[in-house]
Amino acid sequence: MKKKTAKTIATVLIIAVCGILLYYIIPLVKLIYTEEGRILLDEKIRSFGIFAPLIFVGIEILQIVLAFIPGAPVDIIGGVLFGKLWGSVLCFVGIFTGTLIVFYLVRIFGKPLVEKIFPKEKFENHRFLKNEKQLSLIVFILFLIPGTPKDFLTYIAALTDIKPAKFMFITAVARTPAMMCSVIMGNSFFEGNFKMGIILFALIGLLSILGYFIKTKFLDKHEK
């Protein structure tokens, strides 16, 4: 009964968050299609002053902690709103902070916290993370591959014996390439460079599909 209630609440939350994201993303997409819209969007962001980047970092942190919200759309929005440089910096700060929060929450509350958020069978499928000899390499590869559930993996990896500093360094390095691609793609659309944006979108999509098959073979190999 409790599990059904938890699943229902989780489903409602997912639908609500996706609805909110769509509510804000659709008008955003419409704005970046015209030069007047892009100017208006830029003025709107500037009107928030210092609160604009703070709010965005907060959203990025929330996305990491909730785990079920895809990270790429948030990174793309970062590129649209803040440009290549500051979009990347703000995304990195949000991702790093969110990952740190999740890691230490799991270290403090342990396995019961993870079991309340995710089905038991889901994290039992990742028993290969108990391979202490190759743990750092496995974590790096999984966080480098586009399309893997990185935020979920943060919860699982925190249950292992990996040292916090090592984990944060590995994930920061591994997550940066995909994050920067998403930011640059968002900025390309904002600047009206739709050709570059579409190329990056196709590239990320292709790498995600490729990554899925690599991940599947990788998991099968290490589960044996």
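Student: Where is confidence lowest, and where is it highest?

Tutor: Where pLDDT is low, the predicted coordinates should not be read in detail. In this predicted model, the protein averages a pLDDT of 78. At least 70 is reached by 69% of the residues. Helix α1 (residues 2–32) has the lowest confidence, with a mean of 60. Helix α4 (residues 72–109) has the highest, at 91.

Student: Where does α9 kink?

Tutor: Look at Thr-176, shortly before the proline Pro-177. The kink there is about 40°. Just after α9 comes Gly-192, with a positive phi of about 85°.

Student: How many cavities are there of 30 Å³ or more?

Tutor: Rolling a probe the size of a water molecule over the atoms shows where empty space is left. Here the count is one. The largest cavity has a volume of about 80 Å³.

Student: Which helix gives the most to its lining?

Tutor: α9 does, with six residues. Both α4 and α9 supply at least two. Phe-92, Phe-96, Met-168 and Met-179 are among the lining residues. Thr-176, where α9 kinks, also lines the cavity. By type, the lining has six nonpolar residues, three polar and one charged.

Student: How many aromatic pairs does the structure hold?

Tutor: A pair of aromatic rings is described by the distance of the centres and the angle of the planes. This structure holds five such pairs. In one of them, Phe-143 and Phe-167 have ring centres 5.8 Å apart. Their planes stand at 85°, so the pair is edge-to-face.

Student: Which parts does that pair tie together?

Tutor: Phe-143 lies in helix α7 (residues 135–144) and Phe-167 in helix α9, so the pair links parts 24 residues apart in sequence.

Definitions and conventions. Residues numbered from 1 in each chain as written. Predicted model: local features only at pLDDT ≥ 70, side-chain atom pairs only at ≥ 80, totals over all residues. Heavy atoms only, no water. pLDDT = per-residue confidence, 0-100. Helix = DSSP H or I, 4+ residues; strand = E, 2+ residues; numbered from the N terminus. Bend = angle between axes of the 7 residues up to and from the residue. 1 Å grid on protein atoms, 1.4 Å probe; cavity = no way out; pocket = protein on both sides within 12 Å on 5 of 7 lines; lining within 4 Å. Points joined across faces, edges and corners; volume = space filled by probe spheres on them. Nonpolar A, V, L, I, M, F, W, Y, C, P; charged D, E, K, R; others polar. Phe/Tyr/Trp six-rings, centres within 6.5 Å; stacked < 30°, edge-to-face > 60°.
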